[in-house]
Amino acid sequence: MTGATILLAIFDGVAYAALVFMVAVGLTLIFGVLRILNVAHGSLYAIGAYLTASIGGAIFAMGWSPVLAFPLMLVSAALVGVLLGAPMERLLLRRIYHRPEVLQLLVTFAVFMILEDVQRLVWGNQPYFESSALALLGNVQVFGVYYTVYQLILLPLVAIATLIGLRLFLRRTLTGKLITAVTEDREAAQSIGIDADRVYLLTFVLGAALAGLGGALASPTTSVLPGIGAEMIVLSFAVVATAGLGQIEGAALTALMIGLGRSFAVYLFPELQVLVPYLIMLAVLLIRPEGLFGSPAARKI
Amino acid sequence: MSVRLILPALAIVALALVPPLAPFLQVLLTLAMAKGIAVMGVTLLLRAGQVSFGHALFFGIAAYGAAFLAASPLDDLLLLLLAGALGAGIAGVLVGLFVVRYRGIFFGMLNLAFSMIFWSILEKFYYVTGGADGLRLPRPSVAFIEMDRGPYEVLLYYASLLLAIALGWFVVRFLASPVGQLFQTVKTNETRLEYLGVSARRTLLKGYVLSAVLCGVGGVLMAAAQGIVTPSYAYWIRSGEMVFIAVLGGAGSVVGAFAGSIAYELVRSYAAAFAADAWQMVLGGFLLAIILFAPGGLVGIYAAFADRIGARRAKSASKKEAGT
Amino acid sequence: MTRTGLLSATILGAALALSAPAAAQDKPESLKIGITTFLTGPASVFGVPARDAAEMLIEQINADGGIGGVPVEASFIDEGAGGEALTTEYRRQVEDEGADVMLAAISSGNCTQLAPLAEDLQVINLMWDCGTQRIFEEGDYTYVFRTQANATPEMLASVLYLLRQKPDFQTIAVVNQDYAWGRDSWDIFSTALKALKPDVEIVGEFFPAFGAPDYSTEISRLSAMRPDVILSTSWGGDLDTFVQQAAQRGLMNQSTFVLPLAESSLERLGTALPDAVIVGARGDHYFQHPEMVGQEGFDSFVADFRDRTGAYPIYSVFHMAQALSALEAAYETAIEQNGVEWPTEEQVIATLEGMEFQGFGRPVTIRADHQGVEAQLLGTTTTDNDLGFASLTDIAIYDGGPLTTPVGENSIEWIEALDPSFVDQVTPTTFD
Amino acid sequence: MSDALLEARGLEIRFGGVVAADDVNLRIEEGRNLAIIGPNGAGKTTFLNICTGWIKPTRGTVLFRGKDVTRLAPRDIVRRGVARAFQIPQLFTEHTAMENMLIAASARTGRQSPLLDMHDMPEREEMARLLEMVGCDRVADRPVVELSEGQRKLIDIAVALALKPALLLMDEPTSGVASSEKFEIMEILVKALGRADVTAVFVEHDMGIVENYADEVAVWNAGAVQMRGTPQEILKHPDVIRDVIGEEIA
Amino acid sequence: MLRIENADVFIANVPILRKLNVDIADSDTVALIGRNGAGKTTTLRSVMGFTDVRGKVFIDGQDVTRMKPSRRPSLGVGYAPEDRRLFSGFTVEENITLPGAVAKLDRAEVAARLDKIYTILPELAEMADRPAGAVSGGQGKMVALGRALMVGTRLLMLDEPFQGLAPALAQRYAEALGKLRDVDRDVTLIITESNPALLKTIARRTLVIERGEIAEAAPETA
């Protein structure tokens, strides 16, 4: 590989990593607080993408300005968080927090199955493609290769902003502190007056909205079609476990490793491309059993 | 006979009568029992408090092993079963040595990772594995007797039933045995286990290998019934389905593994027949209803029912005594 | 005794039941057919339009009095539900519902799985869409027929058309989906290329995962290596994604794209698909088929289909129509030969062998090995402002005969033995 | 030298900035029950953790019967004859008291047959006797979650005894037990230990217990053994009164 | 101040509280003693709303049986659980002030209360900036007390505060409680303990709980 191709591989890797991070970060946040691995996260991602692509397609066809693609992404994310995330937490998850882990996971698996069919009933089987946002920002040329500004610059910026924003939110704001407190000890938090139910709801809505935003951001670059959720969720699981449970910075680093690993694989060993996330996960967990940023649970005896 | 045993006994009798009396259910139930045996492997791990989201790995390894062997002159059902179980067992040791160091979500995810790696290999190396189209597994001989489809399927049905009963019996005995009881303590207190001078990892490994072998047997039976093996045998959705069935039947219950898989196959196949494009929704709703309203699964529902009957019987019996 | 006794008794019973001969047929109340198609999953982009077409055509057949006076009754099986559900439901329809004919399947994997099953169940199975050439090359079947071409003529025609349009290209790269179709089609294509134009250099082979959401890295590499030709046999969402991303990043201006399945994506891709892309149709299936447009049945079919679904028919729709035509033709011919009596299964099979029939393209012949011989249509995209999406120009239609592997031969070996002179031996019909 | 059952030499470990063990040297002789006292955070539990291999010291060695066991895993040290009871009882919560005992017995005997029902093990009677010895025979068939903390502590100790150890390390065996019961429990315990020929080491805050049941006392402070002696000597020492016992209470 | 009527609580189908009745007057200091498993902790947890109580719980005459746990601190209830349960990611001071922020007290009020807490427990001021995860077990008990004091202006419930404390530290803790009484005469104090000797000097009244019921006799009442 020459220096130029290495750089090209890094660009591709970073762009991909940004997208992976956007999806995984919501999953990690929810897991960190609620201790639930939300399989339906993949469906929320898909629905975020569907909403953006279908609404965008409809309103641009009516002659609205394509600049609206960007606020539309935020709207779709909010819709996913409020219309799907909130009822899911209030009506289903709230009833199973005291149940074993397996049951919690299976509840979200069931929701995933239901939402897969809901997507098909609402949006049908044809792929949706709506790339106004991509076209709007145009291309840049690097070493004679065109990149879209959207993927090369915007996505990484959004990912970094999300990472920093979440960090500041959790560390500096009162709401963030409440989330942190509930994460560590739900009952102790309640005993000092924190409404843990509300914190759970808020976290889940936020996490779901992040999934929706991930989908919305992915929609201009990809076809939105049935099944994209199932693919994304396994990858996000791998990121969450590799990162260390509930670790937002870990998720960022893991996403970056997976993104770079994947793009270098395409250059060097294309056949390994699919395996990269799992190989990284195995390698990391072999060396650090609690994940990159996880700390070993102190066994108190 | 205790009330609780009546239904399982009746169920076995009813299952034995399916081929002559309800032949349309025969293949469906063969698949259900094949899956039930595999689900038993997942159930076993649940008893040690571990959830694997990758046991389709062993299901797939055994099924592919059988398919490769079937392409050789050693194309006999019994050999396929042996080879599949052995292959799954060896894979269980290798993967197990690695994953038994982890617990909870990490255990689940690592299993998932291994199964997804295997799945990717099946998809990637299609010159060897047939890729997404999989490998054909032509009808094997049974004890080196070539058979037609009809008798072969009847035989396979009874073989599955017998294996289900025999392996079910074995698993129940294993769980009651000292080594099985130690295995289950991994769920409740590993510290004490360590301070009994026992390695939690090695203990877990024993159960893990057994669970892999069970999945292997299920995988071979499934492959033999289907006549084809595809990468979907090892996909994560399949692993999820196994956990799904285990919980549906009653998490941790051996009988539940079979009750769950029969119920699952019936619901799924009728949902697929009558709501062809919404079968996932039907299954998802079914699962939600069970978890929310009957967390003990089918076995839990039955136990509650049997208890009520048993209590009523005891009451009427004591009344009678009082009367005389 | 009892289990072994019971066991052997049952086996005996089952064996007896199976060996009972098929009785002569009275005219049934309905002709039951089971159709497997993708209703869920990515391939439902083919499956659902095909189902819609089947429903529409069967309504029309029944409105015209059915086949030989017998109404057709169809039920659908979802191929997306996975292997077991598919075979279970397939069996149920044959064994319990008494389906007379099965139409299966879209996926080559499902065809591989169902063909032997159909043989075991002794039910006529028309493979209506799957492309794998292996089934009839690796096995003999009594009950299984294919009512369209297979991957070999489809890829061979693509190579020939490419050589015709762009004879002097030097380098080629491939980006195919990583599953059997993507691999097999590349095997055939590259083998043909090596035989027919040995000086071509293959500079890149990419097999991104099926359903991959992002081809950025592949596109970066392709942009850097600038091959003359880029082939992709992808379809559905994968093809859309690849084309969109490649177009956005200017790759489609750098290289000539060959997309043998893109006929099914034309309408969906809209203006995203630029001019001068080579597009294939898996057979001669195109709603602007130059030989068919203007024929009454064809035009009304396209119009009816559009009314019903809001979209133009794509190749899977034509494949479905073709399979139903074959079914209709086989029964009607058999009835005729049987002296207006309802035919037995054997008679229908006998009719299917060697039968010529026509769907909404050139006539198709079913060979002795049950493989259909079908013409292949290719074209090059051009902007069509009326349609709002690209239409095909420079259309060439190749007869299927010379492109189809001779009976009893293996496709890859047969293609390897071809030489560059083959290009001149095959002349397509072209339209100006 | 050779009569030391367990010997710690120069143990040292820190957690973050806190020194949990700082040159700990201690000999535990066979047949002499040792009480360990000291303020919270002095490193008493850490010492038990090091002796049983739960944590590895940065420096120093642990010898059991003269053999170096410092780097062994707890299970290997346990197999050599060191058992442990815990401040918070470590039991198998889904099992009954008797099953806890039988599991311990199967750990000791290493029975592998998958077809033998654990309840039919020949060790059952022996386990019943142990339960009787700690006064828990009446609750043998009840799940341990339903039992009182005091009963659980006793069963925890019985489980340790089921391993037939030579040395039993106990972390606050009477904490969480109402004071009225403490002496009763220790009475039972010491008798049981004597009969089973087990040497005991126990961490204890209750000086009454220490005075009555220890043969020797070691005082921990800031990660080191501050002094050692008979209960009579130690409990009157002014430093001990100041740092450990508290002047008012004394 | 606090009244519990006919409270039944089951945990995993085992009865923990059986028809428990407790009535505690304003400003009283009550020692709730009993063996482990007698129901002391469950009683406090029921007042906090962490159990599924059958029966009634009143705080200041208000029926709180069905009130969310998180709303109870706003009634002036402070609770220091047995096992400390600090928020290890926050500093000691953040742990203490967080309940104030949650209750939306204004800054001045939080600062005033913090001062009061530091007067009672001066050692907390010294470790104010240390992460709560890094303090020792005994110190943690002090922090938990400080945290409970932030909102526990009416009712303060301390679960086994002396458990696991070495005698010297236990004595120090008892002193702090005495000081609290000096600073604040009105707060009602409930302390559970399995070792009644430690509470002799503090408690005005002793309730003995046995098998989930208040035993008739309260032998150790001074």
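Before I start, a word on conventions: residues are numbered from 1 along each chain as its sequence is written, and chains are lettered from A and ligands numbered from 1 in the order in which they are written. Because the model is predicted, local features need pLDDT of at least 70 and side-chain atom pairs count only at pLDDT 80 or more, while totals for chains, interfaces and linings use all residues, and side-chain values use heavy atoms, with hydrogens and water left out.

Let me begin with chain C, where the domain assignment gives domain 1 (10–149 + 290–366) and domain 2 (152–281 + 375–431); such bounds come from an automatic or database domain assignment. The centres of these two domains of chain C, taken over C-alpha atoms, are 29 Å apart. Where they meet, 17 residues of domain 1 of chain C are in contact with 29 residues of domain 2 of chain C, contact meaning heavy atoms within 4.5 Å.

The area buried between domain 1 and domain 2 of chain C is about 1800 Å², and carbon and sulfur atoms give 59% of it; buried area here is the accessible area (1.4 Å probe) that two parts lose on being put together, summed over both. Of the area that domain 1 of chain C buries against domain 2 of chain C, Pro290(C), Tyr315(C) and Arg362(C) supply 30%, more than any other three residues.

Six residue pairs in polar contact, both at pLDDT 80 or more, are found across the interface of domain 1 and domain 2 of chain C. A polar contact is a pair of N or O atoms within 3.5 Å; within protein, one must be able to donate a hydrogen and the other to accept it, and residues adjacent in sequence count only if both atoms are side-chain atoms.

On the side of domain 1 of chain C that touches domain 2 of chain C, the elements that give two or more residues are α2 (44–63) and α5 (134–138) of chain C; helices (H or I, at least four residues) and strands (E, at least two) are DSSP runs, numbered from the N terminus.

Next comes the interface between chains, where 31 residues of chain A are in contact with 34 residues of chain C. The area buried between chain A and chain C is about 2800 Å², of which carbon and sulfur atoms give 50%. How many salt bridges does the rule find across the interface of chain A and chain C? It finds zero salt bridges there, whereas 12 residue pairs, both at pLDDT 80 or more, are in polar contact across the interface of chain A and chain C. The elements of chain A that give two or more residues to the side touching chain C are α1 (3–34), α5 (132–137), β2 (145–148) and α11 (248–268).

At 1% relative accessibility, Gln177(C) counts as buried; buried means under 20% relative accessible area, exposed over 50%, and partly exposed in between (1.4 Å probe, protein chains only). The side chain of Gln177(C) makes polar contacts with the side chain of Trp235(C), at 3.4 Å, and with that of Asp238(C), at 2.9 Å.

In chain B, nine of the 11 residues of helix α9 (residues 178–188) are buried, so this helix is largely enclosed by the rest of the structure. The cover over the buried residues of α9(B) includes α3 (26–47), α8 (149–176), α10 (190–194) and α11 (200–226) of chain B, together with α3 (97–109) of chain D.

Finally, some backbone details. Most residues other than glycine have a negative phi, and most peptide bonds are trans. The peptide bond from Ala104(C) to Ala105(C), however, is cis, with omega near 10°, and Ala105(C) is found in the loop between β3 (101–103) and α4 (108–121) of chain C. Arg35(A), although not a glycine, has a positive phi of about 60°, and at 42% relative accessibility Arg35(A) counts as partly exposed. Arg282(C), also not a glycine, has a positive phi of about 45°, and Arg282(C) is buried, with a relative accessible area of 6%.

Note on methods
A salt bridge is a side-chain nitrogen of Lys or Arg within 4 Å of a carboxyl oxygen of Asp or Glu.
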